Every structure is written in C-alpha cells, then in structure tokens.
Amino acid sequence: MDPEGLEFERERHVLFLEMMIERLPSDYESQEINHLTLAYFVISGLGIFGALDRVDKDQIASWVLSFQAHPSTKSDLDNGQFYGFHGSRSSQFTINDGEVSTHNCSHLASTYCALAILNMIGYNLSNLNCEAILISMRNLQQPNGSFMPIHLGAETDLRFVYCAAAICFMLNNWTGMDKEKAKEYIVQCQSYDGGFGLAPGLESHGGATYCAVAALQLMGFINVDISSKPAKSMVIDVPLLVEWSLQRQAVNGGFQGRPNKPSDTCYAFWVGGVLKILGFYHFLDKGALRKFLLSCQSKYGGFTKFPKNMLPDLYHSYYSFAALSLLEEEGLKPLCVELGIAAINGNGI
Ligand SMILES: [Zn+2]
C-alpha cells in the first residue's frame, strides 16, 4: 500500500470481470442490443490484467462468431448491406412480415468489438470471411469520407470512422475504406480550440478527439516523431491539440471530456490516450491522475464514473483499467493505445 493508503485492488477487479462473464446484473437488461460491446469490456479488461487464462477461449470465439452476418452469395456484397457483426442475439431476429426480408443489423461498433475480442483471445482473424466485411464496409463510407455504422441509415460521425480504421488495421487490409477521404473528414472535425468534435463544426469532445487521433495513427498519418516535425507537414494542428488535451486535466487530477464538466474516469483514457499517441503523456500530472482514479475504485471491484458513486459500471471500469495501464500501474499489461486494447505478443498487434 502506498503512503496515502491508495491501493489498486487487482484481484478484486479480476473477480469483478469474471463474475460479469457468468451473469450481468439486471441493470444491463436494457443494453441487450450491445451485448457484444459489454463482452468486449469484460474480455479486453481481463486482457489488460493478463488474466485471459480464466476464460474458455474456444467457447468465447464460437459465441462471437455466431454474430457475424453472412452474404448468401457473392453478389450480395453489392446490395448495399454491411456484412459485419450484429450487436446481440435479438438484433439477429428476422421480422417476418411477409415481405422479402432485408434484415441485417450488423454494425461497425459491434464489428470492432468482435474483432478486438477475437484478437485478444488469439483467434486467427484470417479465418474470417474478411473479404465480405471489407467489401461491404465500403458501402458505409459517405462521399464526405465519414462512415454510417449500419446500412439502413444512421448518424455519421468520427466514432464510426475510428471503428472502420480499427477494423481495417486488425484485418491488416485497407481495401475497406478510402483512407484519404477519411483523413479529410477527420481533419475537418478539428475545432478552433484544437480538440475534435464528432462532426465538422461541433464542440470539441474528449471521446471524439481520441477517435480522430487514434484513427489517424492507425491509418499511418501520424508519425511517432510528430513533435519534432515542422508544423506545415502535420495533417492536424498538434500544438493546439496538445494544449487543449492538457487543459482537460482538472484540479482534482482527473480528466474532463469538455471544459467546465466534472472529471470522469473514462476521459483519463480518451484524453490520456491522445497525449500518449502524440508523445506528450509525460506532461500530465500522473500522481494526481492516479489518485483521482483510485478515488473512483469500487469496493465491489471495478470503477465508477465519479468519486463516491455507489455502483461500478463496465464501461467506466474498462477505461479506468486502460488509464491505469497508461500510468504503468503494476500488474497491468501495456496497451496498444490506438486500438484501445492490451498489446499482446502473437496477436498480430
Ligand atoms: Zn465517462
């Protein structure tokens, strides 16, 4: 235990995640549609703890694979639908109303989560029908470079550009997107204050800023040595972005997603990750950030959004684990920051 009595309860967190594999608390019922995403938090969380030996990897692989949408024939790939992964069992149900069914709710975020889980548990992604995923994913890219997450029409923004980039990166194949167009869209999302909004003209936000910077990194547009490059060769305004990001660390040591908002554990990863990718992580106050994060550690295992919140949730727990990994907390694996998962030897990352 450190002098301030703040101890990272490693084993308690692993038990918390293990418990979530068996059964999710009833509060998650309304999130059934995001079942794969919840699984991503649990499996990737265990990956950060180096505790994936506690799960049955074959069982998880077949469960995840059961969510993939498959084209009936190769010509289906031109029908505008996306052949990625559904988010949950119920989203696979076909509504039989006597019409020809075009029901396919596979989603970019679920596909990112599916591939990340499979990657974490050592499944060889080349066994997937990668061609179907990548060819059909191009149908989701819009003329302005952004992505829709689903073929039926939905909001388009930076979150889905990030998912598309992470999918191409994990499959090691960039035929799924027009990288130049995606880059142009991302660049347009940088705001006057240096941060990124979810779409051009929107207010800067920690999560959107991570999506922008991590996607550019995955696409190879940010070099490790970015801080020493002359400003004119950069695709984005890095000094302004670094300043905006550093200003998100509040007096209590935590990070906020936007100015004048309270510190929230997840932004320790979203904004901290941006600083890490850009090579400016050493400028933040690490001791104060660790102290803030540990003040949100739940006695049940896991982390809460704010200090003294009663119950932990999977989302804030996962991003607290990830943030503590960035802080090099003992017993945690290093991250592949731009993919948002632990970097594990042999999984191709
Ligand atoms: Zn949050």
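Of the 100 residues in the largest nonpolar core, those that touch the most other members are Ile117, Val161, Ala164, Ala165, Ile167 and Ala215; a nonpolar core is here a set of buried Ala, Val, Leu, Ile, Met, Phe, Trp, Tyr and Cys residues joined through C-beta atoms within 7 Å. Helix H6 gives this core its largest share, 13 residues. The model is a predicted one, in which local features need pLDDT of at least 70 and side-chain atom pairs count only at pLDDT 80 or more, while totals for chains, interfaces and linings use all residues. Residues are numbered from 1 along each chain as its sequence is written. Helices (H or I, at least four residues) and strands (E, at least two) are DSSP runs, numbered from the N terminus. A residue is called buried if 20 or more other C-beta atoms lie within 10 Å of its own, exposed if 12 or fewer do, and partly exposed in between, with the C-beta atoms placed from the backbone.

Helix packing comes next. Two packed helices are described by the angle between their axes and the distance between the axes. The axes used here are lines fitted to C-alpha atoms, for helices over the stretch in contact, and the angles run from 0 to 180 degrees between N-to-C directions. The axes of H4 (residues 108-120) and H6 come within 9 Å and cross at roughly 35°, and the crossing is left-handed, a term for a near helix turned anticlockwise from the far one by less than a right angle, with right-handed used if it is turned clockwise. On the H4 side the contact is formed by Leu108, Ala109, Thr111, Tyr112, Leu115 and Asn119, which meet Phe160, Cys163, Ala164, Ala166, Ile167 and Met170 of H6. The residues of this contact of H4 with H6 divide into 10 nonpolar, 2 polar and no charged, where Ala, Val, Leu, Ile, Met, Phe, Trp, Tyr, Cys and Pro count as nonpolar, Asp, Glu, Lys and Arg as charged, and the others, Gly among them, as polar.

H6 also packs against H7, with axes that come within 11 Å and cross at roughly 145°, again in a left-handed crossing. Leu158, Val161 and Ala165 of H6 make this contact with Ala182, Tyr185 and Ile186 of H7, and by class the contact of H6 with H7 has 6 nonpolar, no polar and no charged residues. Between H6 (158-171) and H7 (179-188) lies a loop that holds Asn172, a residue with a positive phi of about 55° although it is not a glycine. Most residues other than glycine have a negative phi. Asn172 is exposed, because 10 other C-beta atoms lie within 10 Å.

In the loop between H7 and H8 sits Cys189, which counts as buried because it has 25 C-beta neighbours inside 10 Å. Leaving aside neighbours within four places in sequence, Cys189 is in contact with Leu158, Phe196, Gly197, Ala199, Pro200, Ala208 and Ala212.

H8 itself (residues 206-218) has 13 of its 13 residues buried, so this helix is largely enclosed by the rest of the structure. Its 13 residues should span 18 Å at 1.5 Å a residue, and the end C-alpha atoms are 18 Å apart, which agrees; the expected span of a helix is 1.5 Å times one less than its number of residues. Just after H8, Gly220 takes a positive phi of about 85°.

H10 (267-278) is mostly covered, with 10 of its 12 residues buried, and these buried residues pack against H8, H9, H11 (286-294) and H12 (314-326). With H9 (238-246), the axes come within 10 Å and cross at roughly 145°, in a left-handed crossing. Here Val238, Val242 and Ser245 of H9 contact Val271, Val274, Leu275 and Leu278 of H10, a set with 6 nonpolar, 1 polar and no charged residues. The loop between H9 and H10 contains Asn260, which has a positive phi of about 65° although it is not a glycine, and Asn260 is exposed, with 6 other C-beta atoms within 10 Å. Just after H10, Gly279 takes a positive phi of about 85°.

Definitions and conventions. Two residues are in contact if their C-beta atoms, placed from the backbone, lie within 7 Å.
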